[in-house]
Amino acid sequence: MSILYFDDEEDSFEDALDAFEARISRAEDPTEGGHEWNRAIRMVGRTRSNFAQELRDHLDQQRREAVPVVDADTALVDSQRRKQWYSGPRSHRGVWPSYRSVIEENLPEAAVGTIDETTTKILGLAANPLTPGDKAKGLVIGHVQSGKTANYAGLIAKAVDEGYRIVIVLAGMHSNLRQQTQARLDNDLGFNRADIKNFAWLPGTDKERDVGAISGVAGLGSRENCLVFVVKKNKRRLENLRDFLHSLNESHSNLLRRRAVLIIDDEADQASPNSTGERDVLSTIHRLLQEIWGFIPTGSYIAYTATPFANLLMNPADPQGLYPDDFAFSLPKPDGYLGSDEFFNTTQTADAEDDLAAHLSTEVPDHEAAELTVTGKNIDAYDPEIPDTLQRAIIWFVLSTAIRRLRSGDDTHASMLVHTSHRVRAHFRLKDAVKEYVVGLANDLPSEEGEFRSVFDEESPRSEIIRQILGRHEAMPTWQDVWHKTESVLSDLSVKVDNGLSDDRLDYTGEGPETVIAIGGGTLSRGLTLEGLCVSYFLRSSNLYDTLLQMGRWFGFRPGYADLVRVWVAPGLLDEFAHLARVERELREDIDEMSRASRTPKELAAKILLHPGRLAITSKGKMSEGVVVQAGLGGTRRQTIYLDRSPEGSARSQEAARDLLARSLAAGGRILHGTAAVRSGTTLITGVEHHNLIDFLHQYWVSPVERWLQASPMETWLKAHGTGKNWNILVVGGRGTEHSLGSGITVKTVSRAPFRSERWSRDEIARTAGPGADVVNIGALMSEQDLIGDLRILSANGELDNQNAELLKSALANSKGSSIRGWKGLREEILPDTGLIILYLVDKDSQPQKRSADIRESMTFKPHQDGEAMEGNHIIGLGLVYPPVPGESLDEYLAVELPELVDERAEGFEDTEGDAEVPEP
């Protein structure tokens, strides 16, 4: 038993507090108010008579200043299973204060505050380490390349301060990611330091060594010590860990029963979920994790991932499983982070900025992509040459690094990613070609100035546009300054392969900064941080949501060089990323909505919108618990972003609109007009019946992407949910020329310039429009407040009662920062039985704004081959807001199978790509 010695002179409160904390840290049951807690107070009180009252005052102050444990806007919690127990750090000494001092040197104050706040909330939802038998499973959803490691390192620090004594970090499937994570935690948490009073780490792994066979660990018998492992998700490593935990009970007097365990599962959607596709047959990694979790009497399993699709598709009814039964927590987006919402128009509104991704990206032509693609099994036949786009990407990487050095005044890490294949031997062959090209540039640099200048002149205007969109003000150096710096950049540049066979992998821990072109596959597209990533060149796509999202390595923090980031991608890949950006946004919004409704994680059944083309959510095996369910058309909006601008297509769309308006008015529909304050020139027709909409959709061409704007699915939905519902028609007035749509209705055209043809994949969609069609992609048709255009006209014409008029007025007055879902809620409140059909007359001569001239083109019809201009008409675009149906769900989504959901198995997803790299014999 430890004995505390005190000087005769009375200690300060801080000294007494240190002595008290040292005492309870060694206690078997240091529960506040318990026997050993009170005994420690009495011992310390021998030299400071008023210590008991001072301690009570100190703890009360700590609780008053603590952040609340649960924020309903960010967490789903099973309140029956989890009770609040942690309100924040209780001492200025310990692992957390030490860790906080480390991150304060590298992160802005706001970021440190966010880590402090969120880790307090997450730990409060986890198991209390001082309550024997308490276990909790949770999920923390971050953002790709957003600093999840810093967050869970803070969580570990606070957990250890509160009594966790075994920490296991599952650090992905690849050795380089495990090593990177180990090095980061070694440094930030001080695994190899001994400067934290009354505490010692016992590292079970280090940067070079993963967990091996362990017979015992000296020092674990002391409650002042914490054993920590950073482990790769590998069969042998997890078996070693499992056997060690088992031995703590078998050979060490049930020691594990007295040591709470914290498991952090980083990249938790990779390998951890069962991937066999069968409930009764478990994949190896999943089975071992279940066994490890089963050995733990007290502790927490907390999954961290930016792509939680597979985790939310596990079976929540399996008591031995890893479904996040207790909580799901969505981390806020950090200040300065550039993610999917910044790169893509996830709201799909015409008044939003064009996708940032479109300005910084270049599509690689098919013939150039083919030059770098490995075909067949004979890898020896793969002899890649460097095509023009890769040459220009490499040159821009050199130039952007020179610009960064000129801006910052010093050298920092700079990386370029080349990701063309998952076949590891192909990486080495491509490396040889890239290295030969780079050496050639360096050896003959004076003669290359013209090529470098060409790339600089092409990319500089794009950088200016990106700075305008982001509100950045970095200066672009002169060409002469950049060219003068280029030689030193090339002299520092190295080319490396990072895969399981490479002996010269990425390592940013050396004395000087790295300037590197990294060539690889799976290890570079999952978890691993490429420091200073500025240029990405990848052709390899994925059939899977989670894998593809993780490949978006350009997401992250780009201080001082966000305008220099560039991406070269395979044709059509940006379309898929844009869809996934919307999927990610909707998933987070679902969690937010359900948390406000006090729903539990088991009720989450997160709705993940199925891609209209070839993408699957995750691998087929991981979706074994998923079912196709009907989820939520009521109150949602749909719009046509693909329009047929051919003479036949535009005439067809106008004829369908004219007939719809005529039928609706003949059936008794009323006309109301907008005023100058409410979009002058806009017309509203009320009281439209379902059959009028169905007849319109039979006439009007809708691309196959918008399944629920097709006539047949719409008819099916209305039969199920349309009783007692009707529609309004809003004919939206723009600023163009005025035209008649018949029935006394005139409207001015709106401008919607289409994307350039090389910016999107059109072949499959165009074919469905029939011979002679000329399909364009306008990106977004509807403006945000068009969702409530009928409400505004009704109010302006005195058609709303006073209460609803005031509700609308208040919503509009506070509309800054509003969301599409906010307007949806307003419609449900004011017009609970009415949907909205929105017609736009898109100008045949729509022109792109100056800022978008590099990614959009004129809508003007292309000439025939004989040179004669095609005569075209303006085109009708369609937006639709479904009538609200509380509790209804219909759209095709995938969700976890719960008793109340339809039991219809998801089929047809081909698992064409696993997480592991594929070595060739």
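Threonine 682 sits in the loop between β21 (670–673) and β22 (683–688); strands (E, at least two residues) and helices (H or I, at least four) are DSSP runs numbered from the N terminus. The model is predicted: local features need pLDDT of at least 70 and side-chain atom pairs pLDDT 80 or more, while totals for chains, interfaces and linings use all residues. Residues are numbered from 1 along each chain as its sequence is written, and side-chain values use heavy atoms, without hydrogens and water.

A polar atom of the threonine 682 side chain lies 3.0 Å from the backbone nitrogen of glycine 733. Leaving aside neighbours within four places in sequence, the contacts (heavy atoms within 4.5 Å) of threonine 682 include Leu672, Val732 and Ile793.

The structure also holds 13 aromatic pairs, meaning rings of Phe, Tyr and Trp (its six-membered ring) with centres within 6.5 Å; planes under 30 degrees apart are stacked, over 60 edge-to-face, the rest tilted. The rings of phenylalanine 191 and tryptophan 201 have centres 4.8 Å apart and planes at 65°, so this pair is edge-to-face. Phenylalanine 191 is in the loop between α7 (175–190) and β4 (200–203), and tryptophan 201 is in strand β4. Phenylalanine 191 is buried because its relative accessibility is 3%; tryptophan 201, at 7%, is buried too.

Technical notes. A polar contact is a pair of N or O atoms within 3.5 Å; within protein, one must be able to donate a hydrogen and the other to accept it, and residues adjacent in sequence count only if both atoms are side-chain atoms. Buried means under 20% relative accessible area, exposed over 50%, partly exposed in between (1.4 Å probe, protein chains only).
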